[in-house]
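Here's a quick briefing on the chain you're about to look at. We'll start with how residues get sorted by class, then go through the overall build, the voids and a pair of loop residues.

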Amino acid sequence: MRKIVWLFVVLLTLISCSKRDSVDIQTNAMAIVGASFAYPENGWFELACERLGYAPINRAVSGENIKHTALKFKNMTQFSKAELDSFATLVIMHTHDFDVYGDDEFVAGEVLGDNPTPAEAYDYVIRRYITMCQALEFDTSSVWYGVEGGKPVDIILCTHWHDARDRFNSSVRRLAVRWGGYARLCEFDKFIGFSKDSPDPDSGKQISVLYAHPDANATEIIDGVEYGWHPKRGKDSEIQQRMAQIFCNSYF
């Protein structure tokens, strides 16, 4: 009987020792995936990381879309193991004007084809990242090994930098609600300081046009109206500084 009790005590001890409190693990980075609105030449993400005290891991690629990111997540090539361990938050800023809120049942699985719809790809990236974080609990090479639940999941979805892309902005809001236990929303469009509903009184142009980058991709036409496409870039740009502050405000 004593042997049984002793074995039971040892088993309980081993189980309790296999779990660690995640409070003692310090993450020192933040990661972003996205396209031209997020890649480093903009500056807002790097500015926000500086203000929040994180090292930026910027994986945004100009010209790519959420499908490319989903396939990188599928193939486990988006981040190294060390990077996955190190960053506290995953930021997603793919803001092409698509509907990214899909049918729950259709995109519920972990299977992803080679040509997913934007909604399937967005949903997959979120699901895949959650499972990647949870799996770190059992990865002996991870700092999160033995931590119950693995690495805490924190995802920030972003709207477009202004409110002209109604289809995307409205659907990403619905997506943030769906994943409310893991994801939250950075509303650039709401706090950027201007709206498509109030054009410049002097020129009659959309305010976003006035903040657009002076190159061939400066503006776009949506429903017959000209809007700013790519904003002026660089950490000294007013629009990039506004975006950094909006992000910092939404982080807490």
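For the class counts below, Ala, Val, Leu, Ile, Met, Phe, Trp, Tyr, Cys and Pro go down as nonpolar, Asp, Glu, Lys and Arg as charged, and everything else, Gly among them, as polar. With that sorting, the lining of the largest pocket comes out at seven nonpolar, three polar and two charged residues. Keep in mind that this is a predicted model.

**Overall build**
- The chain has nine helices and seven strands.
- It runs to 252 residues, and 49% of them count as buried.
- Take the contacts between residues at least 6 apart in sequence: 67% of those join residues at least 24 apart.

**The largest pocket**
- Its volume is about 160 Å³.
- Helix 4 (81-86) and helix 5 (118-135) are the elements that give two or more residues to the lining.

**The cavity**
- How many cavities of 30 Å³ or more turn up? The count is one.
- The largest cavity holds about 40 Å³ of space.
- Around it sit Asn65, Ile66, His94, His96, Phe98, Val100, Tyr122 and Phe168.
- By class, that lining splits into five nonpolar and three polar residues, with no charged ones.

- Is Gln78 buried or exposed? It's buried, because its relative accessible area is 6%, and the cut-off for buried is under 20%.
- Leaving out residues up to four places away in sequence, Gln78 touches Val33, Arg59, Thr69, Lys72, Phe73 and Glu83.

**Gly193, out in another loop**
- Gly193 belongs to the loop between helix 7 (188-191) and helix 8 (207-210).
- Its relative accessible area is 69%, so Gly193 is exposed; the cut-off there is over 50%.
- Where does Gly193 lie relative to Ile207? The two are 14 residues apart along the chain, and their C-alpha atoms are separated by 9.5 Å.

Notes. Residues are numbered from 1 along each chain as its sequence is written. This is a predicted model: local features need pLDDT of at least 70, side-chain atom pairs count only at pLDDT 80 or more; totals for chains, interfaces and linings use all residues. Side-chain values use heavy atoms; hydrogens and water are left out. Helices (H or I, at least four residues) and strands (E, at least two) are DSSP runs, numbered from the N terminus. Buried means under 20% relative accessible area, exposed over 50%, partly exposed in between (1.4 Å probe, protein chains only). Contact means heavy atoms within 4.5 Å. On a 1 Å grid over the protein atoms alone, a cavity is a set of points where a 1.4 Å probe fits but cannot get out, and a pocket is an open set with protein on both sides within 12 Å along at least five of seven lines; lining residues have an atom within 4 Å of a point. Grid points are joined across faces, edges and corners, and a volume is the space filled by probe spheres set on the points.
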